[in-house]
Amino acid sequence: MGKGCLTVSKYFLFLFNLIFFLFGVAIMGFGLWLLLDNQSFIVFLNNFPSVKAGCYTLIAVGAFSTLMGFVGCVGAIYEIRCLLGLYFTCILLILLAQIAAGALIYFKKDELNTEMSKIVVKVLEDYSGNESSTETAWDHIQQKMNCCGWNNSADWNTNMVIQNSSGVLYPCSCHDASLEPDKQRESGFCVAQTSSWPVYTAGCSESVENWIVTNMAVVLGICVGVAFIELLGMVLSVCLCRNIQTEDYTKVPRY
């Protein structure tokens, strides 16, 4: 390989690793969002040990990818063969881990949906209006998605507070302003003026599933982009590594 081609390969590899570094930051940030968000359906997903483990995995993979992006940049710009070899090996392992994780999520999606339904039904049964993180998240979902219950508003009939009340109570976050303009509260239970609840009748399951699919599409897009960058980085690192004739550690800055 001529000197010109070697230089082009070096700087292309540097550019790809810079992008890879930024993708790693994005994956790590997404994992932190999944773990820390308490205002969306993520609160319910985090009740799954496998989902919580997946969040930590995303954070770890993002952090490791960021580190590898930095290693690749240094190895490329200073033409250090041992760093390029380490970079190639680690990127290959990350790529294999991503493929394994994607296959696991795909084959477990039906089980995840079933378990998610059970968790939501349990939350509706035990809902007390004390504004815990789980209850606040569910109120937020019903308000933003204009829905009530998981399958439909009848799911709330299993709630212990509603069953034991002498009056006609309904979840305030289900309130449909088109049926009754005045809303008493944002969360907890409201008193219905008639025997019919002024609530949305549609359940939240379809809206939540669409939300998950939309966000999974974003994650999938990021992962595909990262995989593409990884493959290009691996090819360029091999080409650059094979054409570096001698190690010149004097190029590495000393502090």
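Mentor: Let us begin with the term helix, which here means a DSSP run of H or I with at least four residues, numbered from the N terminus. Please keep in mind that this is a predicted model. By that rule, residues 3-36 make up helix H1, and Leu-22 is found in it.

Trainee: In what order do the elements of the protein run from the N terminus on?

Mentor: The secondary structure comes to 7 helices and 2 strands. Of the 255 residues of the protein, 39% count as buried. Read from the N terminus on, the order of the elements is α-α-α-α-α-α-β-β-α.

Trainee: Is Leu-22 buried or exposed?

Mentor: Leu-22 belongs to a nonpolar surface patch that also includes Val-8, Tyr-11 and Phe-12, and the residues of this patch have about 630 Å² of accessible area together. The cut-off for the exposed class is over 50% relative accessible area. Since Leu-22 has a relative accessible area of 53%, the class that applies to this residue is exposed.

Trainee: How is the aromatic pair of Trp-138 and Trp-150 classed?

Mentor: Trp-138 is buried with a relative accessible area of 0%, and Trp-150 is buried as well, with 2%. Trp-138 lies in helix H5 and Trp-150 in the loop between H5 and helix H6 (160-164), so the pair ties together parts that are 12 residues apart in sequence. The centres lie 6.5 Å apart with 40° between the planes, and the class of this pair is tilted.

Trainee: And why is the pair of Trp-156 and Phe-189 given the class it has?

Mentor: Trp-156 is buried at 0% relative accessible area, while Phe-189, at 13%, counts as buried too. Trp-156 lies in the loop between H5 and H6 and Phe-189 in strand S2, so the pair ties together parts that are 33 residues apart in sequence. Together with Tyr-127, these two residues form one aromatic cluster. The ring centres are 6.5 Å apart and the planes stand at 90°, so the class is edge-to-face.

Trainee: Which residue has a positive phi although it is not a glycine?

Mentor: Most residues other than glycine have a negative phi. The exception to look at lies in the loop between H5 and H6, and at 41% relative accessibility it counts as partly exposed. With a phi of about 50°, the residue is Asn-146.

How values were computed:
Residues are numbered from 1 along each chain as its sequence is written. This is a predicted model: local features need pLDDT of at least 70, side-chain atom pairs count only at pLDDT 80 or more; totals for chains, interfaces and linings use all residues. Side-chain values use heavy atoms; hydrogens and water are left out. Patches are made of residues with over 30% relative accessible area and no salt bridge: like charges are joined within 9 Å, nonpolar side chains (Val, Leu, Ile, Met, Phe, Trp, Tyr) within 5 Å. Accessible areas come from the Shrake-Rupley method with a 1.4 Å probe; for residues, only the protein chains shown count as cover. A salt bridge is a side-chain nitrogen of Lys or Arg within 4 Å of a carboxyl oxygen of Asp or Glu. Buried means under 20% relative accessible area, exposed over 50%, partly exposed in between (1.4 Å probe, protein chains only). Rings of Phe, Tyr and Trp (its six-membered ring) pair if their centres lie within 6.5 Å; planes under 30 degrees apart count as stacked, over 60 as edge-to-face and the rest as tilted.
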